[in-house]
Amino acid sequence: MSDFSEQMLMTGNHVPVYSYANPHLHSFCLCLYLRAGSLYETDEKNGISHFFEHIVFKNINHKYHGELYRILDRLGLEFNGCTYKEFMQFVITGATDHFNEAAEILTAIFEPFVLPSADIATERRRVKSELREADEFTSLDYFTQQIVWEGTSLRNTIGGTYSNLDRIGIRALRQASEELLTANNIFFYVTGSYSDDQLSHLITCVERYPLKNSRMVRENMAPVPNRFFKRNCTVAIKNSEYHYVRFSFDVDTSRYSEAENSLFYDILFEGESCRIHQELSEQTGFVYSFAPQYERYNNLGNLSVYYEVRPADLYASVEKVVDVFCSMKHGLKDELLYVLPPYVDNAMLLLDDAEEFNWNRAYECHILSEKYRDIEERKRAYEAVTIQRIMEMACEIFRTDNLVVTFKAPKNRVDPEKIREICSRLDRNDPMT
């Protein structure tokens with residue numbers, strides 16, 4: 001059994017198995033991660049990763065003669081999957097006593113696709129229903145993504161389109177399986193409570209399958225749009241009777257550590273004390289809630305915030321948000337004291353939730369490539385972040401050359417020139433110039 005640090009084993013067929021044990025828990029979390037998603041898809045194949053995720057469950061159920069979900073229920077196991085723009089996760093959790101059964105089920109993902117065409121057609125209809133219910137294509141988020149990631153695969157949705165789904169049959173799924181389930185495109189991560197023998201059983205299960213290496217190495221590097229860092233405060237409006245606003249900033253993420261990115265985001269957007277909540281909600285009542293997002297890759301990313309506002313408060317809300325961004329350039333008060341505790345005082349609490357810890361370790365250390373050997377090393381990285389560094393980040397990020405402002409509002413109610421004039425404050429009195 002490993003101590004409180006990450007361990008790595010390599011299977012005989014060259015698949016990395018990372019583990020970070022906590023023997024004091026009564027549960028385990030076993031995950032398989034694949035580098036997949038719209039980042040790596042062509043326009044014609046957009047959505048195939050997400051459809052592949054769905055079909056995996058159908059195929060494993062077929063292997064178990066339609067009994068998979070009864071077996072899971074009988075063992076108290078939970079088995080789920082999720083597709084993101086840059087990776088895919090399959091996760092199975094349960095009581096430690098049933099680790100070996102979970103390993104058998106999860107590694108059945110490597111079984112060849114043998115589904116009847118009728119089952120694939122049924123799952124295709126289910127995915128189309130998921131897309132219809134999400135209604136992504138009418139959203140401000142989709143409208144913004146077309147501008148921010150113009151000309152790249154990242155402008156596409158995770159789920160793809162109806163027409164693409166119609167073209168995905170058993171042959172395309174088998175080809176996707178061959179491309180995605182390669183030894184150098186996947187890794188396992190195990191957290192929680194498990195024995196060395198159980199870990200060995202997982203490795204034995206993986207070694208049953210003759211996995212190849214892919215000739216294309218996927219490194220979580222985003223394609224760079226032509227207008228990245230050359231926005232000149234782009235303003236775009238999607239006509240609507242409602243009033244939604246979104247600020248989106250291009251970011252050179254390679255310049256900042258995971259700790260710097262996280263604390264910068266939290267000071268702005270996380271918790272009751274964060275700047276945007278205080279200024280946009282608590283102090284003015286312009287909004288009740290807002291939706292921030294930090295889309296990050298190893299080379300670049302996009303930091304955004306989205307909110308709905310009354311028509312009468314639209315310009316005032318834009319001014320308030322710009323004021324918050326400007327204020328970040330000129331210094332912090334004691335904000336670091338309020339965002340550090342989850343990473344420092346409560347650092348070891350991550351071990352109490354095997355599933356959250358699994359996602360956190362895999363994402364930070366093996367998708368974003370931030371190499372923390374253990375929680376203590378991660379804690380020290382957060383403690384080292386300074387107010388001066390946060391100010392430098394604000395000066396580099398909050399510039400009109402990096403900014404896209406999008407609206408879902410009546411077009412005759414939004415004056416793009418007035419928005420640009422308000423946002424031009426970002427470049428005036430900049431302490432770096």
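I started at H65, which sits in the loop between helix 1 (48-63) and helix 2 (68-75). Helices here are DSSP runs of H or I with at least four residues, strands are runs of E with at least two, and both are numbered from the N terminus. The model is predicted: local features need pLDDT of at least 70, side-chain atom pairs count only at pLDDT 80 or more, and totals for chains, interfaces and linings use all residues. Residues are numbered from 1 along each chain as its sequence is written, and side-chain values use heavy atoms, with hydrogens and water left out.

**Positive phi**

I looked up the phi of H65: it is positive, about 55°, although H65 is not a glycine. Most residues other than glycine have a negative phi. Is H65 buried or exposed? H65 is exposed, with a relative accessible area of 72%. Buried means under 20% relative accessible area, exposed over 50%, and partly exposed in between (1.4 Å probe, protein chains only).

Next I checked C233, in the loop between helix 8 (196-206) and strand 7 (234-239). Its phi is also positive, near 50°. C233 counts as buried, at 3% relative accessibility.

**Helix 9 and helix 15**

I then turned to helix 9 (residues 258-269) and helix 15 (residues 387-397). Their axes come within 10 Å and cross at roughly 80°. I took axes as lines fitted to C-alpha atoms, over the stretch in contact, with angles from 0 to 180 degrees between N-to-C directions. The two helices are therefore roughly perpendicular (65 to 115 degrees).

Which residues meet? E260, N261, L263, F264 and I267 in helix 9 meet R389, I390, M393, A394 and I397 in helix 15. Contact means heavy atoms within 4.5 Å.

I followed N261, which is found in helix 9. N261 counts as buried, at 3% relative accessibility. Its side chain joins that of Y294 in a polar contact of 2.6 Å. For a polar contact I need a pair of N or O atoms within 3.5 Å; within protein, one must be able to donate a hydrogen and the other to accept it, and residues adjacent in sequence count only if both atoms are side-chain atoms.

**Helix 14**

In helix 14 (residues 375-383), I noted I375, R378 and Y382 as buried. They cover an arc of only 60° around the axis, so they lie on the same side of helix 14. The arc is that of the directions from the helix axis to the C-beta atoms. Their cover includes strand 2 (16-21), helix 9 and helix 13 (354-367). D374 caps the N-terminal end of helix 14, with a side-chain oxygen 3.2 Å from the backbone nitrogen of E376.

Conventions: Angles under 35 degrees count as roughly parallel, over 145 as roughly antiparallel, 65 to 115 as roughly perpendicular and the rest as oblique.
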